[in-house]
Amino acid sequence: MPNEKKRIVIVGGGFGGLFTALDLAGAGEVTLISDEDHFLFAPMLYEYLSGEVEEWHIAPRYKELLDEDISLVQDKVANIDLQSRLVRFENAREALSYDVLVIAVGGVTNFAGVAGAAEFSLPFRKIAHADALRQRMVEALDAVPPDLPPQDVRSALTFAIVGAGASGAELSTKMADLLRDAFERRALRGEPRILLLEMGDKVVPGMGQEIRTFVESALQESRVELHTLTKVLRVTENSVTVEHNGTQTEIKTAAVVWTGGVQMNPVIQSLQTEKTERGLLLVEPTLQLLDHENVFALGDIAFFPDATPTLAGTAQLALQEARLAARNVKSFISGEELHTKHFEELGEAVSLGTERAAVLAGGKVFGGPLARQARFAMYTARLPTWHHRLRVGASWFLGGTPPRPLLPLGIQR
Ligand SMILES: Cc1cc2nc3c(=O)[nH]c(=O)nc-3n(C[C@H](O)[C@H](O)[C@H](O)COP(=O)(O)OP(=O)(O)OC[C@H]3O[C@@H](n4cnc5c(N)ncnc54)[C@H](O)[C@@H]3O)c2cc1C
């Protein structure tokens with residue numbers, strides 16, 4: 001490719017797309033497309049729910065992050081035409097043509113075809129989802145009169161979380177701590193009921209036993225009811241029906257939150273190229289599509305052959321791949337040899353309620369309040385720009401980060 005200003009289009013402004021764009025500033029006519037106006041540091045969405053972090057900490061606007069030589073298009077991509085080299089949008093916006101394309105649209109919630117799940121359960125992947133869940137918790141609390149008997153309170157304040165992966169474990173402990181605090185403040189009788197429903201036989205199946213032990217004891221301390229080998233059959237506006245050992249039970253709920261899995265983004269589903277059985281894009285070790293050398297794919301939608309298997313579907317893989325993608329886009333444009341890289345696990349961290357976390361770093365697992373601070377530090381270092389890292393670091397470590405209580409509607413601060 002002659003070394004003139006090439007049109008580099010990046011679809012998706014998450015861990016894969018944004019970090020690739022930042023590294024490519026000035027390498028051509030760079031355009032970042034996202035259907036949101038902000039990046040989201042999803043691993044801290046639980047802390048946003050609890051108010052331990054502010055929206056600007058974890059969801060900075062692209063405008064604040066991007067250099068002026070990166071153009072931003074805020075719109076939803078409908079499909080990509082690899083033959084004509086065009087990106088088409090869902091609305092009437094004119095299609096965008098590219099010389100080099102980077103695809104990083106991430107996944108979408110997988111409701112697994114469960115009846116009523118898409119309609120009635122709350123997903124938990126975006127700022128708007130966390131806002132909706134927080135509002136649902138406050139509304140449910142507000143509807144409980146102070147003199148209601150404990151068994152009725154428990155029934156009115158039953159929340160079910162579907163899927164006991166890291167997301168389900170983190171969310172359920174966070175919700176339990178928030179709700180318990182609200183019980184004390186509002187002098188309610190009894191306690192809330194938090195159900196964590198898992199089809200498999202264990203919590204956090206993708207993690208090692210050592211960190212699982214921390215998670216299990218945190219669930220117990222937060223009084224989250226873990227139900228393994230339990231299949232969700234149906235969700236309605238106010239109930240969830242489950243099956244365990246062949247017995248079906250319908251449970252009244254104030255909300256059902258779905259953290260049960262990720263499926264392919266529709267943009268990827270409609271793409272005519274080579275994929276794995278699960279529909280992930282097959283890429284070369286250089287992150288190029290097998291049949292289109294000018295197209296790179298990364299993050300949750302790509303199957304990268306040379307990564308530690310536990311990294312699949314993680315922010316840390318998307319982040320590491322972004323560095324390689326940007327480097328290879330530059331090499332591709334200048335006609336140099338492209339690079340490959342082996343991606344390793346950088347450590348794991350799970351937040352476990354508002355007081356503690358568990359962190360796996362340097363082969364060692366530790367937990368408690370110190371781990372919570374270590375997790376904040378680890379994540380601050382991975383925020384998109386130096387400026388943002390400094391502002392957030394100062395705010396977290398100098399100002400403190402107490403949770404925001406679930407106060408009644410009307411007196412929310
Ligand atoms: C609640 C939660 C907690 C998580 N916690 C962790 C954790 O602790 N550690 C970890 O390693 N990973 C964690 N993950 C997973 C991690 O966030 C993902 O693996 C990572 O974000 C993948 O990066 P990506 O760039 O592929 O996709 P994303 O970061 O999801 O970015 C995709 C981007 O594309 C945009 N987009 C999507 N469709 C379109 C379209 N049609 N048109 C235009 N734009 C579009 C989206 O708005 C988004 O900006 C968590 C995920 C969630 C949801």
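Predicted model: local features only at pLDDT ≥ 70, side-chain atom pairs only at ≥ 80, totals over all residues.
## Around the ligand

Let's start with the ligand. Its surroundings are made up of 31 residues, and Gly16, Asp35, Val77, Asp300 and Ala315 are the closest of them.

Several backbone atoms come within polar-contact distance of the ligand. At Val77, a backbone N or O atom lies 2.8 Å from a nitrogen atom of the ligand. Thr314 places a polar backbone atom 3.4 Å from an oxygen atom of the ligand, and for Gln316 a polar backbone atom is 3.5 Å from an oxygen atom of the ligand. Taken on its own, the ligand has 990 Å² of accessible area, and the protein covers 87% of that. Two elements give two or more residues to the shell: helix 1 (15–24) and helix 11 (315–334). Helix 11 gives the most, with 3 residues.

Next comes an open sheet of 3 strands, which run in the order 22-23-24 with antiparallel pairing. Strand 22 (348–352) and strand 24 (364–368) are the edge strands; each has a single partner strand, so one side of each is left without a neighbour in the sheet. From one strand to the next, the twist averages 10°.

To follow the pairing in your viewer, look at strand 22 and strand 23 (residues 356–361), which are joined in the antiparallel sense over 5 bridges.

Another open sheet has 5 strands in the order 9-16-10-11-12, and here the pairing is parallel. Its edges are strand 9 (122–123) and strand 12 (224–227). Each of these has a single partner strand, so one side of each is left without a neighbour in the sheet.

Within this sheet, strand 10 (residues 158–162) and strand 11 (residues 193–197) pair in the parallel sense over 5 bridges. A handy pair to locate is Ile161 and Leu196, with Leu196 being the bridge partner in strand 11.

Conventions: Residues numbered from 1 in each chain as written. Heavy atoms only, no water. Near = heavy atom within 4 Å. Polar contact = N/O pair within 3.5 Å; in protein donor to acceptor, adjacent residues only side chain to side chain. Areas by Shrake-Rupley, 256 points an atom, 1.4 Å probe, with all protein chains shown as cover. Helix = DSSP H or I, 4+ residues; strand = E, 2+ residues; numbered from the N terminus. Pairing = 2+ DSSP bridges. Axes fitted to C-alpha atoms, helices over the stretch in contact; angles between N-to-C directions.
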